[in-house]
Amino acid sequence: MEPTTVKLWDNAPGQLEGEEIPSITCYPANPQTTRAALVIFPGGGYAFRADHEGKGYAEWANGLGMSAFVVNYRVKPYAFPASANDARRAVRYVRAHAAEFNVDPDRICVMGSSAGGHAAAFLCTYRGPLEGEGVDAVDTYSYLPNAQILCYPVISLVEADIWHKGSVEIFMGTANLPWTVSSFSPDRIADAQTPQAFIWHTAEDGGVNVINSYRYAERLRRMNVPVEMHIFPHGGHGMGLASGMPYVARWSEMCAEWFKLIGFLPA
């Protein structure tokens, strides 16, 4: 089946006139070997969405027999809570239509790269209400996924020596920058209910400091949340499936094995 794109709302909260409407693109697996599903947030510094971290990952998941959903979440000129609302809505939408998509609502994994990694981690950790929630029956479903995959993620909104300044400024909006405190930083707010995680990064990443991943993994461990993390010594930022660097490209094989470990793929 060909991918299909549907709107996440008929009237998205906070929608700006003339700007892109948030949507989700569905990539059904054929053949489908698992009813687990992957909900994907591409990177792009909250300024755009990188295709290779969206469609590229969806096709990889399809190759594993897993259906995937790429979230076309709102980026610049939007600021908080637009992207966070879109992230929650995407998981809720897949759960609400689980029977239609032939997926298990209790086996939904989110995946995000770079700023998309922040979107996924924020979804998994931030518990506060968002303006515009509760508009229809879809919003009655839980937004919390069952697992998370983070690829070279933006995490810290607190430590200026390791944060990705551009992502933080666009996500929060310059008017809200005083909010860049512990209550909005996934490495500070993850709790015991945070979903289990698979994280990978490269030590040489010049775009997003690898310490972001260390900070998040440490917090998850302190909360007794299972986490698998791989730090590769070489490689840059935004590598996606890393097809040009076979040593780093092994992350996808490791992730497939992790899927088996947590029951998302047949052992």
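These are my notebook entries on a predicted model of one protein.

**Entry: overall build**

I began with the secondary structure. The protein has 8 helices and 8 strands. Next I looked up its extent. Along the principal axes, the C-alpha trace spans about 45 × 45 × 35 Å. I then checked the radius of gyration, which is 17 Å. A compact globule of 267 residues would have one near 18 Å, so the two agree.

I also looked at burial across the chain. Of the 267 residues, 56% count as buried. Then I turned to contacts between residues at least 6 apart in sequence. Of these, 77% join residues at least 24 apart.

**Entry: surface and charge**

The protein exposes about 11000 Å². Carbon and sulfur atoms supply 53% of that area. I found 20 positive and 27 negative charges. Their mean positions lie 5 Å apart.

How many residues of α4 are buried? I found 11 of its 11 residues buried. Among them are Gly116, Gly117, His118, Phe122 and Cys124. The list also includes Ala119, Ala120 and Ala121.

I moved on to α5, which runs over residues 165-172. Its buried residues are Ser167, Val168, Ile170, Phe171 and Met172. What covers them? The cover includes α2, residues 82-96, and α4, residues 115-125. After α5 comes Gly173. I noted that its phi is positive, near 85 degrees.

**Entry: cysteines**

I searched the whole structure for disulfides and got 0.

Cys151 has 0% relative accessibility, so it counts as buried. Cys255 is buried too, with a relative accessible area of 0%.

**Entry: cis peptide bonds**

The peptide bond from Asn30 to Pro31 is cis, with omega near 5 degrees. Pro31 sits in the loop between β2 (23-27) and β3 (37-41).

The bond from Phe80 to Pro81 is cis as well, and its omega is near 15 degrees. I placed Pro81 in the loop between β4 (67-72) and α2.

**Entry: two tyrosines with positive phi**

Tyr46 has a positive phi, near 60 degrees. I found Tyr46 in the loop between β3 and α1, the helix at 55-63. Is Tyr46 buried or exposed? At 3% relative accessibility, Tyr46 counts as buried, because the cut-off is under 20%.

Tyr152 also has a positive phi, near 35 degrees. Its place is the loop between β6 (147-151) and α5. With a relative accessible area of 1%, Tyr152 is buried.

Notes
Residues are numbered from 1 along each chain as its sequence is written. This is a predicted model: local features need pLDDT of at least 70, side-chain atom pairs count only at pLDDT 80 or more; totals for chains, interfaces and linings use all residues. Side-chain values use heavy atoms; hydrogens and water are left out. Buried means under 20% relative accessible area, exposed over 50%, partly exposed in between (1.4 Å probe, protein chains only). Helices (H or I, at least four residues) and strands (E, at least two) are DSSP runs, numbered from the N terminus. Contact means heavy atoms within 4.5 Å. A disulfide is a pair of cysteine sulfur atoms within 2.5 Å. The radius of gyration is taken over C-alpha atoms; the globule rule is 2.2 Å times the number of residues to the power 0.38. Accessible areas come from the Shrake-Rupley method with a 1.4 Å probe; for residues, only the protein chains shown count as cover. Lys and Arg count as positive and Asp and Glu as negative; His and the chain ends are not counted. The place of a charge is taken as NZ of Lys, CZ of Arg, CG of Asp or CD of Glu.
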